[in-house]
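Let's walk through this model together, starting with the overall fold and ending at a single residue. Please keep the structure in view as you read.

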Amino acid sequence: MTTNIAPAAVAALLAAMAMVLTRVVTIGQAHRSMAWQTLILVAGMIPLSAAITKTGTAKLLADGIVTLTGGGSPYLLLIGIFIVTAVLGQLISNTATALIIIPITLSVATEAELSPFTVLMCVSVASAAALLPPIATPANMMIMRPAGYKFGDYWKFGVVILALYLAVAVFLVPVFWPC
């Protein structure tokens with residue numbers, strides 16, 4: 001992967017096959033280690049993401065975001081992108097959120113003449129900010145009962161950390177990936 005001799009997906013598949021062929025892991029271990037729910041979710045969201053782009057929905061939503069934020073400051077656009085992504089991320093998985101939002105934000109970047117890297121990193125940070133309900137992050141759901149947490153307990157610290165994610169996405173991301 002680091003040499004770019006082959007695409008990342010091909011290199012990862014070859015590495016996995018090499019691990020099985022050299023008997024580092026058995027076929028059974030490899031099969032059990034697959035996150036099938038994630039694989040199926042991502043496989044289902046890729047066509048949805050493509051459909052959002054091909055039908056013009058991404059451009060329509062991008063126009064709405066640019067109009068709503070006034071199309072002025074790139075920081076306002078990043079705040080708008082963050083809010084849309086973070087809200088959706090509280091309801092569905094962060095991977096699905098990113099796959100749905102990416103074509104929309106790429107259209108926003110094109111229309112507002114922003115760097116696509118800036119908006120994609122903003123989406124990356126915002127989609128990882130699924131902190132408010134425990135259902136948004138599997139790890140939170142797994143510890144809820146053993147730790148004695150209630151559904152509403154996640155909001156107490158989640159809002160503070162969500163604000164930190166917002167600051168990172170809007171103010172720190174453009175430092176490393178300029179608009």
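The paragraphs below go from the whole chain to one position.

A word on the ground rules: this is a predicted model, in which local features need pLDDT of at least 70 and side-chain atom pairs count only at pLDDT 80 or more, while totals for chains, interfaces and linings use all residues. Residues are numbered from 1 along each chain as its sequence is written, and side-chain values use heavy atoms, with hydrogens and water left out.

The protein has nine helices and zero strands, so its pattern along the sequence reads α-α-α-α-α-α-α-α-α, where helices (H or I, at least four residues) and strands (E, at least two) are DSSP runs numbered from the N terminus. Along its principal axes, the C-alpha trace spans about 60 × 50 × 30 Å.

How do the residues pack? Of the contacts (heavy atoms within 4.5 Å) between residues at least 6 apart in sequence, 66% join residues at least 24 apart. The mean positions of its 7 positive and 4 negative charges lie 25 Å apart; here Lys and Arg count as positive and Asp and Glu as negative, without His and the chain ends, and each charge is placed at NZ of Lys, CZ of Arg, CG of Asp or CD of Glu.

Finally, find T67 in helix α4, which covers residues 57-68. T67 counts as exposed because its relative accessibility is 62%, and exposed means over 50%. From T67 to L77 the separation is 10 residues in sequence and 9.7 Å in space, C-alpha to C-alpha.

How values were computed:
Buried means under 20% relative accessible area, exposed over 50%, partly exposed in between (1.4 Å probe, protein chains only).
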